[in-house]
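We will go from stop to stop, with a note on what to look for at each one.

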Amino acid sequence: MVWFQLLGHVSARSEGGEIPLGSARQRAVLAALLVEPGTHVSLDQLVDRVWGTTPPRSARQTLHSYVSRLRSVLDDHDGPLLERRSGGYVLEADESAVDLQRFRALVAQARGADDDHAGALWQEAMSLWQGRPFADLDSDWLRSTAVRLEAERLAAVLDRNDLLLRSREHARLLPDVTAAAEKHPLDERLAGQLMLALYRCGRQSDALAHFQLLQEHLADELGSDPGPELRELHQRILRHDAEQAAPDGTSDADRNAPTSDAAADRQPRPAQLPLDVSGFTGRSGDLRCLDELLLPGADGGRAGQTVVITAIRGTAGVGKTALAVHWAHRVAHDFPDGQLYVNLRGYDPDQPVRPTDVLARFLAVLGVAEPDIPLDSDERAARYRSELADRRMLIVLDNAGSVAQVRPLLPGSGASSVVITSRDSLAGLVAVHGAHRIDLDLLPAADAADLLRRLIGERVDADLVAAELLAEQCARLPLALRVAAVLATSQPDKPLADVAAELADRQERLELLDAGGDPYAAVHAVFSWSVQHLSEQAARTFRLLGLHPGPDLDQYVAAALTGLAASAARRVLETLVSAHLLHRTGPGRYGMHDLLRAYATRLATTEDIAGERAEAEQRLLAYYQAAAIAAVDVLYPNEGDHRRVAGSVGVEIRDLTGPDAARGWLETEWLCVLAIAEHAADLGASDFIHGFAQTVNGYSGEAHLADVLTINGHALRAAERAGELAGQAQALRQLAAGYTRLGAFEASIDHARRALVKFRQVGDLDGEALTLTNLGSTENIRGHYRDARSYHRAALAVFRRTEDRHSQALVLNNLGVSEARLGNLAESVEVQHQALAIFQGLGSRFSEAVMLSNIAGVEMRRERLPEAADLLQRSISIAEEMGSDRSRANALDKLGSLHLRMGEPDRAHECFQQSLAHFVLSGERASQAWSTNGLGEVALFTGDAAGAVARHTEALALAAADGTRHQQARAHAGIGHAHRALGNPDLARTHYEHAHAIYTDLGMPEAEEMRATLAEVPTA
């Protein structure tokens, strides 16, 4: 029997193996007949399907020739009949033998089956897809048919996704549905599935963010809004709806059980494993050993609930990572709380990953909000252990360099398992933590031959002696075997014996050159042999890629390193993937095994002249600077005047003109951004690192707050090495700002004061004034309003000397906030109107919207409600015009308070809900406290005192976590009012006393109001 494949490269096979089908046009004829087997296809139809609207004159004659050859091939392999009938042809293929027809039949069965049986049917159906239909052929008809078939596949995928969501497979589904949503950004059903999977994995903010992204895409592309079903799902996720967290059919008992899956659904379920290894071969004994050591018992845990650690040790290239990742994929379902993975790059000569950085990343994916991630490494490790204590997770720590690098990343207790790969023996883990060690040896000869057989094919059995020799020449290392197999398959007519002889010559030459006795001489021989067979351009690209310090790269980075156009660089990268010198890490991204990277770096430093290396390094830094500037210019257009940009050479970057593209580039490249910052500091490129740090500070402060300290720490190190006081001052100022955002106020003030001294030493008035502004903002947050006012006044005086109008307006705004908190309302309005006039004169619409909202807040306190209403409506109008959700949300929060003051609780509630939804979406907890307090005040106004207690208690927790003391006082006051309404005077007094103490400490006029309220509450 003959089986046909259309869903990928068009091919045919029989029990004897692959069947040769001839040229591309001949295979196109076969595909045109197989799409509907058993159906008559006329000659005109066939010509159109194969050649399109402009066939050659000899098309019919050529077509008969193709059919004749196909008929002969099929007859030789007992294939189906290909018959000529009434001016056309029919191919009588069994539908079960054509992957497309088999797919359709399985989909129909899956849709009609119950959930218990549908899963296997869906899995079998999806496994038939090996790529784009007719991937290796091209004609108008084939392309349009492929589009229709892809639509069929997507419809099937959506039905399959629904089943997986019903079956609690959301963590397993998440990577696939994320990739599909990127490919089909306007599909609302797919968007809903992604939102649900994200929410059930504990990523509520990401689910809400995806809804907003879809909303923007629909508005831009179609001028429409999401449909009612998706809007309802959005509201349910926004409300933390338990029905969305637990699929239908889950009982209340299941939901309340402490070890139930529903309880786990409330926690994030990271699924960080990299792609499984294709064609994994052998290691059956090691896989069994891992099963026995690490899998949880049938009762869901092990005796004593102790963490089990296994260290896989072996030489470079022996397949440690492949074994760990392959095993992890096999058993992922046994760890229902998810899988964590990190490549520690322990043997990278430049940048092993620091445990404290890994802890920050792990805590973030485990659901810890970034402001809650401790700064101290020991405290991070403790918080990490606490987060893992009640979870059953699989943690893969790849390429560890030492016990010290691993120890902080180990759970303290619980049912988790840890797999570590390393070239080191990690004896300390065995001795202290009772780790089990698997020493991974070279592949056994039989497994090495089997791997070659999978990669090369029947030529291995035709000359088994040569294959065994080739395996020995590759030191039986899987990495080297894969590289050598590519070279063998690229020379299909050359006997394996000749391939092995060529490699033997290469090894001898390398050994003669390597007097130092390189322990990886055999591996390097394979690598050098592979590189020798590359084109000069591909070989040069391979060498220069060794200069990139990050974990992976794309075509634009490769273009910067090589000086090629991005399109040309992409083609070269694909060539290197085909040669197994690179591997894909994601869509459009490429990585390199650490042993290959070390070899590439060695070549770059020995075969490329120093001048060329220096130029490549310069282009690399220039690329990251240019791309980062393009991205942040889109996201933060008002910051451009304050960026210090180093000179750069021309480089090509991708289109980053839209906010989605800009933010996507920063997020995708972020680990590379951190690596580039450290690399630049190591190179002594102080001008670059100072400008780069300033460029990315805005995004880092928004999305990766702790990394503000990392990047500016590198900038400070580079400036100190170079003795540059100005660079030190800039880095210290940014570190101070980062510490303020993280709530480390004492550290912030210390760094700011050090920066102030250095700015004054070098006579940088702008830097001095910005630092004074930082100090004032920090003191405002701490509630030291008089100190804040002094700093802001000093900063204002300097900015007036430098005639920096924009900065003057910013400081006037901050000064107005301080004055308002101190009860100086007239002074506050006066300085904020000055700021408003400057922003209007500069045409800064974003800032104008903020100022209008701020002034309205003060006018409300002055009981000038109509004026406040007008200001807020103007602010909201500008915010909507400029697309500033944050400004609109702040104005809506104040508008809610205004409506409540005017006796309109329904409108107030709507405003607070809208503002809170945005603040939740953006993760701004301090602002969430404002709107949540507002909702508490609405509840009390409408007689729902118990609801008011709940809302204000929630606001108190938010404000306490973020250190916003005046909102803590507001929450205490609200709880007190609610308990007073409920007839609980003692509780009311307790909260009033807390509010009074905070307001008094802050020097705010509300303290007197609280004192009067306390006097009205009867004592026990």
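Two strands pair if DSSP finds at least two bridges between them; helices (H or I, at least four residues) and strands (E, at least two) are DSSP runs, numbered from the N terminus. Before setting off, note that this is a predicted model, where local features need pLDDT of at least 70, side-chain atom pairs count only at pLDDT 80 or more, and totals for chains, interfaces and linings use all residues. Residues are numbered from 1 along each chain as its sequence is written, and side-chain values use heavy atoms, with hydrogens and water left out.

**Stop one: a strand pair.** Select residues 339-343, strand E8, together with residues 394-400, strand E9: the two pair in the parallel sense over five bridges. Glutamine 339 has leucine 394 of E9 opposite. Four of the five residues in E8 are buried (under 20% relative accessible area, with exposed over 50% and partly exposed in between; 1.4 Å probe, protein chains only).

**Stop two: aromatic rings.** Seven aromatic pairs occur in the structure; rings of Phe, Tyr and Trp (its six-membered ring) pair if their centres lie within 6.5 Å, and planes under 30 degrees apart count as stacked, over 60 as edge-to-face and the rest as tilted. Pick phenylalanine 103 and tryptophan 129, an edge-to-face pair with 5.5 Å centre to centre and 80 degrees between the planes. Phenylalanine 103 sits in helix H4 (residues 99-112) and tryptophan 129 in the loop between helix H5 (115-127) and helix H6 (140-166), so the pair ties together parts 26 residues apart in sequence. Phenylalanine 103 is buried at a relative accessible area of 2%, and tryptophan 129 is buried at 10%.

Now jump to tyrosine 623 and tyrosine 624: their ring centres are 5.2 Å apart and their planes at 80 degrees, so this pair is edge-to-face. Both tyrosines are buried.

Among the buried residues of H42 are Ser887, Leu892 and His899. Where does the tour end? Just after H42, at glycine 903, which takes a positive phi of about 75 degrees.
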